[in-house]
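Me: I would like to go through this model with you and ask, for each label, what value stands behind it.

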Amino acid sequence: MSNVNIEIYTKVWCPYCRRAKAMLKSLGLEYTDYDITDNDELYQEMVERSGEKSFPQIFFNDQKIGGYDDLIEKVSSGQLDEMTEFERPNCSEKDWDVAVIGAGPAGMTAAVYAARKGLKVLLVARDIGGQVLETDTIDNYLPEYGTSGPDLIQDFLKHLRNYEIDTLFGEEIMDIRHEEKGHTIITKSKKEIETKAVIIAAGSKKRHLGVSGESQLKDKGVSYCATCDGFLYENQPVAIVGGGNSGLEAALDMAKIATEVYLIIRGEQLSGDKSLQDKVNKSDKIEVCKSYQTTEINGDKKVESIKIKNLNTGKERDLAVEGVFIEIGVIPNTGFICEALETSENNEIIIDEDNQTSIKGIFAAGDITNIKDKQIVISAAEGAKAALRVNEYLS
């Protein structure tokens with residue numbers, strides 16, 4: 001166990017803070033967490049020590065490491081190897097029966113099930129936990145009623161560490177070269193991982209609108225996480241784009257602090273859970289703009305307004321808002337996969353009932369695939385199923 005003194009300044013709602021702490025825990029590194037959420041004194045201390053206003057800010061033995069991306073870079077480069085509890089595998093000297101890409105519920109469950117079958121397993125991922133880390137309360141994953149995303153992922157990791165599973169965290173996958181007798185995974189740091197089979201469980205990420213002004217005003221009023229950035233728009237008017245559960249939850253959260261909330265949906269009806277719909281419809285703070293499409297996000301140095309168009313009449317409206325929260329679902333993290341792998345029109349990896357992809361020996365599980373339902377319990381089950389099918393394939 002390393003005796004290095006690790007300090008990290010975080011806010012409770014910050015997703016990158018959660019990812020940084022999850023990464024440190026996954027490496028067996030203890031740290032002191034300074035919660036600056038409602039503590040101006042600690043916040044100013046962080047700014048003075050780091051010279052930065054963003055968070056998290058991480059220090060090793062009083063030396064500034066930086067933020068989350070800086071931590072990942074040091075993990076990937078091996079600069080932290082001597083400090084960690086776990087020995088990083090030497091990719092040039094070892095091959096595996098199966099390499100699992102992704103360390104969310106699907107990936108970690110797949111790794112455990114494969115190890116229980118006696119396979120040599122490598123779990124490789126840039127970070128830990130996927131979208132689960134951004135979930136504050138989880139009450140639909142048995143038997144973990146009322147747990148949080150970060151706590152649930154730590155439970156997954158504790159379970160994982162009971163098995164002989166090699167882990168290579170902090171590594172971004174760039175390509176998979178497929179061959180008849182095996183496959184080679186290429187990482188951003190130029191590592192080459194030889195494996196007989198692959199399970200892709202890399203999860204998904206937030207979907208973008210693709211309208212004028214969106215990319216230019218990102219982090220200047222455009223956000224993809226109301227939980228993360230909502231506090232910045234207290235006593236200001238905001239717009240939420242999306243009528244599913246994430247959109248409804250964001251609208252309800254913002255209705256507690258914003259002056260006005262416009263909920264923009266393309267359909268004639270809300271599509272989220274009935275309980276959420278009822279709360280939205282009862283709120284006098286939320287105006288539901290039905291059958292509207294977002295066409296522009298406007299502003300110079302920050303968001304000033306959003307333009308929406310009625311899909312039935314063609315009539316346009318300009319809504320004066322300070323913040324725009326885009327909550328229209330997710331897209332799979334399939335950017336690294338080889339072109340020969342068959343995907344759907346939504347870029348999801350197409351799998352059969354055995355989790356087999358269009359390439360022999362490459363399997364997939366969880367939100368990155370074309371399964372209909374995207375839930376933690378389903379992703380975990382799909383990971384288990386994929387590992388069992390890999391065992392049969394290798395046999």
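Me: Why does Tyr9 count as buried?

Reply: This is a predicted model, in which local features need pLDDT of at least 70, side-chain atom pairs count only at pLDDT 80 or more, and totals for chains, interfaces and linings use all residues. Residues are numbered from 1 along each chain as its sequence is written, and side-chain values use heavy atoms, with hydrogens and water left out. Buried means under 20% relative accessible area, exposed over 50%, and partly exposed in between, with a 1.4 Å probe and protein chains only; Tyr9 has 0% relative accessibility and therefore counts as buried.

Me: What makes the pair of Tyr9 and Phe59 edge-to-face?

Reply: A search of the whole structure finds six aromatic pairs, where rings of Phe, Tyr and Trp (its six-membered ring) pair if their centres lie within 6.5 Å, and planes under 30 degrees apart count as stacked, over 60 as edge-to-face and the rest as tilted. For Tyr9 and Phe59 the ring centres are 6.1 Å apart and the planes stand at 75 degrees, so the pair is edge-to-face.

Me: How do you know that this pair ties together parts that are apart in sequence?

Reply: Helices (H or I, at least four residues) and strands (E, at least two) are DSSP runs, numbered from the N terminus. Tyr9 lies in strand β1 (residues 6-10) and Phe59 in strand β3 (residues 57-60), so the pair ties together parts that are 50 residues apart in sequence. Phe59 has 1% relative accessibility and therefore counts as buried. Ring pairs also link Tyr9, Tyr34 and Phe59 into a cluster.

Me: Which kind of aromatic pair do Tyr233 and Phe325 form?

Reply: Tyr233 and Phe325 are 5.5 Å apart, centre to centre, with 90 degrees between the planes, and form an edge-to-face pair. The pair links distant parts of the chain, with Tyr233 in the loop between α6 (226-229) and β13 (237-241) and Phe325 in strand β19 (residues 323-326), 92 residues apart. Both Tyr233 and Phe325 are buried.

Me: How do you know whether the radius of gyration agrees or disagrees with that of a compact globule?

Reply: The radius of gyration is taken over C-alpha atoms, and the globule rule is 2.2 Å times the number of residues to the power 0.38. With 395 residues, a compact globule would have a value near 21 Å, and the chain has 22 Å, which agrees. Of the 395 residues, 52% count as buried, and the chain holds nine helices and 21 strands.
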